[in-house]
Amino acid sequence: MCDKEQLSKKETIALRTKHIGPSCKLFFWSDPVKIIQAKGCYMYDEEGKRYLDCINNVCHVGHCHPHVVSAATKQMAVLNTNSRFLHDSLVLYAERLTATFPPKLNVCFFVNSGSEANDLAIRIAQAHTGNKDIITLDHAYHGHVISLIDISPYKFNHPGGEGQRDWVHVAPVPDSYRGKYTDKEYTTEELAEKYADDVKIFCEKANRQGGGVCAFFAESMQSCGGQIVYPPGYLRRVYKHVRAAGGVCVADEVQVGFGRVGSHLWAFQLQGDDIVPDIVTLGKPMGNGHPVSAVITTREIAESFGATGMEYFNTFGGNPVSAAIANAVMDVIENEKLMENATNVGNYLKEEFNKLKNKHVIIGDVRGHGMFLGVDLVKNRETREPATAEAAYVNKRLKEKFILLSNDGPYHNVLKFKSPLVFSVDDADELIQKLDEVLCEMEESENVIANIGKATQLTIGHAQSEMNGGANSIPLQV
Ligand code: PMP
């Protein structure tokens, strides 16, 4: 047993099986990874083996970054309390954070998770518009609380889900590779128009049915749907339709925010400088692993929420330790020029993935921005049929080669890259080399292909089960 372990791996698994709810899933269920230490982009297991972390969109500025650790421990030793007292770092952070948004977005609410942020965003949108209906995108995931399962097709359309509520409208995700309209038939501009027109139809339906349009709720690039980049002009058109129908536009930046896309701090900015959501929700990377999240909105919308008369109180939201950590994360993003790194290394990786695409026919599409990239595996480039079992195999083999990467998308066939932003060119080379090895191995070995052939007969749930936790598995959002 390693000196940092209290239990052997076997004991950890036994105790987990006994005391942790069975619906709490692990990666790689048949041989889960036990991590006991991490630094930068590397995670170390109980035997000291080093894994390259391409999965962690939470430890954004690198695992255990000394500046963040020091800010947390210093503040913890001085004061941590609930949020009903005046505290400087909270307001200084609010000033600093809102300065990164278009000027209208200048009011914050601090919470503890992406789910809390999105649930609060719904309440605020309802209070402001007086309307009920929400337009969401197919395959979206917005959080684990009841209100968000209701607007997350990724959940309500899967085992355990209760299906679609009558106040929820599911617009097709603007996926130009495998969506309702594709780049095989339409130009980029036509794609933006057609997908946005579908949202317009739901706006009309919501107003006809009587619920009225409360909000268009979407990530600025869709993560769980398989790293989807929307056609340019899509959000501009959608926002116009939604506002004309009386609704507000919510941008979920829980996964894609804080500079992950490299060129901009917020992913909605990729769609143009004039794109200004009414409400933005933040989470995961904000505290580099510490639970702190936020809702950002306009003064006018915040006043409507205040006018309901109901106080908003959140015990831990934005407490002094959370605020110190969130400030430290921002310091590191700025001081270490991590957005620049996300652009440079992200572009390099994309080029290298594209080189692999030239070599391996299984790669159908490479997409994304900065360190939010997707590699779409297909059985046939023409039909774009998803290579689900193959993706599960690649994932498993990469793990055996100490690379942690996840699969996502409705067919679980998209290799999803979203490492901490400190990922280097050397790390990229390691990933590419090992991915190349696995793809060569798949092509060369008849045995592997035969086994994949058998696996392809299984359901998607089974094929993905190694990643997610067994047969009949439900999707695993990370
Ligand atoms: N929105 C998105 C886009 C997410 O990916 C997630 C988490 N996977 C959430 C919201 C919910 O965040 P949390 O798990 O912190 O509640």
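Two strands pair if DSSP finds at least two bridges between them. The views below are taken from a predicted model.

**View 1. Pairing of strands β7 and β8.** Strand β7 (residues 213-219) runs parallel to its partner β8, and the two are joined over five bridges. Within this pairing, A215 has V248 of β8 as its bridge partner. Strand β8 spans residues 248-252 and is mostly covered, with five of its five residues buried. The cover extends to both faces: V248, V250 and D252 are buried on one side, and C249 and A251 are buried on the other.

View 2. A search of the whole structure for disulfides finds zero. A disulfide is a covalent bond between the sulfur atoms of two cysteines. For C203, the closest cysteine sulfur is that of C249, at 8.5 Å, which is too far for a bond. For C214, the closest cysteine sulfur is also in C249, at 11 Å, and this too is too far for a bond. The cut-off for a disulfide is a sulfur pair within 2.5 Å. C203 counts as buried, at 3% relative accessibility, and C214 is buried with a relative accessible area of 0%. C249 belongs to the buried residues of β8.

View 3. The shell around the ligand holds 15 residues, of which G114, S115, D252, Q255 and K284 come nearest. A polar backbone atom of G114 is 2.9 Å from an oxygen atom of the ligand. Helix α4 (residues 114-129) gives the largest share of the shell, with three residues. Sorted by class, the shell has nine polar, three nonpolar and three charged residues. D252, one of the residues that come nearest to the ligand, is also a buried residue of strand β8.

**View 4. The open sheet β1-β2-β3-β14.** Four strands make up this open sheet, in the order β1-β2-β3-β14, with mixed pairing. The edges are β1 (35-39) and β14 (403-404); each has a single partner strand, so one side of each is left without a neighbour in the sheet. Strands of a sheet pair through backbone hydrogen bonds, either parallel or antiparallel. The pairing of β2 (residues 42-45) with β3 (residues 50-53) is antiparallel and has three bridges. Here Y44 has R50 of β3 as its bridge partner.

**View 5. The hairpin of β1 and β2.** These two strands pair in the antiparallel sense over four bridges. K39 stands opposite Y42 in β2. Two residues lie between the strands of the hairpin, and G40 in the turn has a positive phi of about 55°.

**View 6. N395 and its contact with L405.** N395 is located in helix α12 (residues 388-400). The side chain of N395 reaches the backbone oxygen of L405 at 3.0 Å. N395 is buried, and its relative accessible area is 2%. The value falls under the 20% cut-off, so N395 counts as buried.

**View 7. K416 and D408.** K416 is part of strand β16 (residues 414-417). Its side chain and that of D408 make a polar contact at 2.8 Å. With a relative accessible area of 0%, K416 is buried.

**View 8. Positive phi at H412.** H412 is not a glycine, yet its phi is positive, at about 55°. The residue is found in the loop between β15 (406-408) and β16. H412 is buried, with 8% relative accessible area.

**View 9. Positive phi at N288.** The phi of N288 is near 50°, a positive value in a residue other than glycine. N288 sits in the loop that lies between β9 (279-282) and β10 (293-298). The relative accessible area of N288 is 9%, and the residue is buried.

Notes:
Residues numbered from 1 in each chain as written. Predicted model: local features only at pLDDT ≥ 70, side-chain atom pairs only at ≥ 80, totals over all residues. Heavy atoms only, no water. Near = heavy atom within 4 Å. Polar contact = N/O pair within 3.5 Å; in protein donor to acceptor, adjacent residues only side chain to side chain. Nonpolar A, V, L, I, M, F, W, Y, C, P; charged D, E, K, R; others polar. Buried < 20%, exposed > 50% of the residue type's maximum accessible area, 1.4 Å probe, protein only.
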